[in-house]
Structure formats: structure tokens, C-alpha cells
Amino acid sequence: KAINAATTGAITLNVTNGALSGSAADLVLGFAGTVTTHTGTVTFTDAPNVAQLKAVNAATTGAITLAVTNGALSGSAADLDAAFAGTVTEHTGTVTLTTAPSVAQLKAINAATTGAITLNVTNGALSGSAADLVLAFAGSVTEHTGTVTITDAPNLAQLKAINAATTGAITLGVTNGALSGSTADLLAAFAGTV
């Protein structure tokens with residue numbers, strides 16, 4: 001951090017795998033400017049915000065440890081996706097997406113946290129495989145209200161789970177897939193607009 005503050009030149013790390021630990025603010029300042037990609041472990045001793053976690057994640061390929069896992073995070077779907085990229089300790093706090101996510105982004109963010117996910121934009125159109133949509137909606141996610149397109153043939157459990165997560169119209173990219181299950185599950189799978 002001190003060296004980075006003293007120069008505007010590029011900083012070369014001959015040893016890239018040293019372990020680093022510090023506050024989110026200090027780690028961001030340590031990686032500011034042009035620094036050789038770090039490959040060692042990084043430990044946040046306090047709860048980072050999205051911008052800080054994203055900046056440090058972009059500067060290292062090493063595993064990131066969050067000493068405080070329950071900090072609330074809020075930001076765009078793209079920034080949250082980048083913040084959780086690579087190997088990051090499982091987050092347990094709330095997450096707020098300020099923009100409509102893609103299926104891939106929501107799936108990745110959902111995989112990175114056990115906290116409740118709030119969609120500020122609930123009516124974004126989502127499209128993807130049944131398996132990816134189920135993972136995107138896993139856990140506690142604000143009810144989705146936009147359209148959903150399932151690009152492959154879902155099984156009954158997948159269609160039921162997706163239908164429970166959205167009030168939007170569901171389009172089946174493959175309409176002739178065989179479905180089998182209880183009457184209650186079939187009714188739940190076909191509830192709403194499918």
C-alpha cells in the first residue's frame with residue numbers, strides 16, 4: 001500500500017504468491033494502479049463492499065478468504081458476478097442486485113452466497129436451461145415477475161421449482177418432453193402461464 005502510494009509506475013512482483021491480509025480498504029490501495037497479478041491467498045479482515053471485493057478479485061488469482069462472511073452486499077449483477085469470481089469464502093449475508101441479472105449471473109451469485117438475494121428489478125427476462133434456472137432460483141430469491149424461457153425440456157421437479165419462483169409467463173423451448181409425477185406436482189408445474 002505504501003509503495004503503491006509512492007509511485008505511479010508499474011509495480012512488478014517477483015514473488016507473486018505471498019499471502020496478503022488486511023482491511024478491504026487497504027487491500028484495494030495495495031492493488032491500485034498497475035501491479036503484477038497476485039497468485040497467493042488474500043484475507044479480508046473486515047467486510048468488503050462490492051467494489052472492493054471486485055477490485056481485489058480482479059488483482060489476484062489466489063483464494064480469497066472473508067473473515068466476515070455476513071456483510072451485506074449491493075451492486076449490479078455484473079459487479080457481483082465479478083466480485084464472487086474465482087475462489088471466495090462462501091458469503092452468508094444479504095445480497096441486493098440493483099440491475100436485472102442474466103441466468104448465468106444469478107446462478108453464479110446464488111452459488112456464492114447462502115444469504116437472501118433481493119432483485120431490485122424483478123421483471124427482467126430470463127432464458128436458460130432448466131438446470132441452470134433451478135440453480136439461479138435456489139435458496140431465498142425475491143419472487144421473479146418477468147418472462148422465463150426454458151431452452152430445453154425440463155423434468156417435473158425443475159418445472160415445478162421454476163414455476164414457484166416466478167409469476168411471469170414461462171415459455172418451453174421444447175414442448176414435447178415427457179413429464180411424470182403426482183397430480184399435485186403436475187398442477188404446481190403448470191400453474192400460471194406456461
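Strands β4 and β5 run parallel and are joined by three bridges, where strands (E, at least two residues) and helices (H or I, at least four residues) are DSSP runs numbered from the N terminus, and two strands pair if DSSP finds at least two bridges between them. The model is a predicted one, in which local features need pLDDT of at least 70 and side-chain atom pairs count only at pLDDT 80 or more, while totals for chains, interfaces and linings use all residues. Residues are numbered from 1 along each chain as its sequence is written, and side-chain values use heavy atoms, with hydrogens and water left out.

Within this pairing, S74 has T96 of β5 as its bridge partner. The open sheet to which these strands belong has three strands in the order β4-β5-β6, paired in parallel; its edge strands, each pairing on one side only, are β4 (73-75) and β6, and the twist averages 15° from one strand to the next.

Helix α5 lies across β5 and β6 and runs at about 155° to β6, with axes taken as lines fitted to C-alpha atoms, for helices over the stretch in contact, and angles running from 0 to 180 degrees between N-to-C directions. In α5 (residues 103-112), the buried residues are V103, Q105, L106, I109, N110 and A112, buried meaning under 20% relative accessible area with a 1.4 Å probe and protein chains only. These buried residues pack against α4 (77-83), β5 (95-97), β6 (117-119), β7 (126-128) and α6 (130-136), contact being defined as heavy atoms within 4.5 Å.

## The β7-β8-β9 sheet

A further open sheet has three strands in the order β7-β8-β9, again with parallel pairing. Its edge strands are β7 and β9 (170-172), each of which pairs on one side only, and the twist from one strand to the next averages 15°. Three bridges connect β7 with β8 (residues 148-150), and G128 has I150 in β8 as its bridge partner. Helix α7 (residues 156-165) packs on this sheet, touching β8 and β9, and its direction makes about 155° with that of β9.

V42, in strand β2 (residues 42-44), counts as buried because its relative accessibility is 0%. Apart from neighbours within four places in sequence, V42 is in contact with L20, L27, V56, T60, A63, I64 and T65. The C-alpha atom of V42 is separated by 21 Å from that of A108, 66 residues apart along the chain.

Q52, in helix α3 (residues 50-59), also counts as buried, because its relative accessibility is 18%. With neighbours within four places in sequence again left aside, Q52 is in contact with A24, A25, V28 and F44.

## Pocket and cavity

The largest pocket holds about 300 Å³ of space. Of its 14 lining residues, K1, L13, L20, G30 and F31 are the closest to its centre, and α1 (2-6), β1 (20-22) and α2 (24-30) each supply at least two residues of the lining. On a 1 Å grid over the protein atoms alone, a pocket is an open set of points with protein on both sides within 12 Å along at least five of seven lines, a cavity is a set where a 1.4 Å probe fits but cannot get out, and lining residues have an atom within 4 Å of a point.

A search of the whole structure finds one cavity of 30 Å³ or more. The largest cavity has a volume of about 30 Å³, a volume being the space filled by probe spheres set on grid points joined across faces, edges and corners. Its lining consists of A47, P48, L53, L66, V68, T69, G71, L73 and H91.

Notes: Buried means under 20% relative accessible area, exposed over 50%, partly exposed in between (1.4 Å probe, protein chains only).
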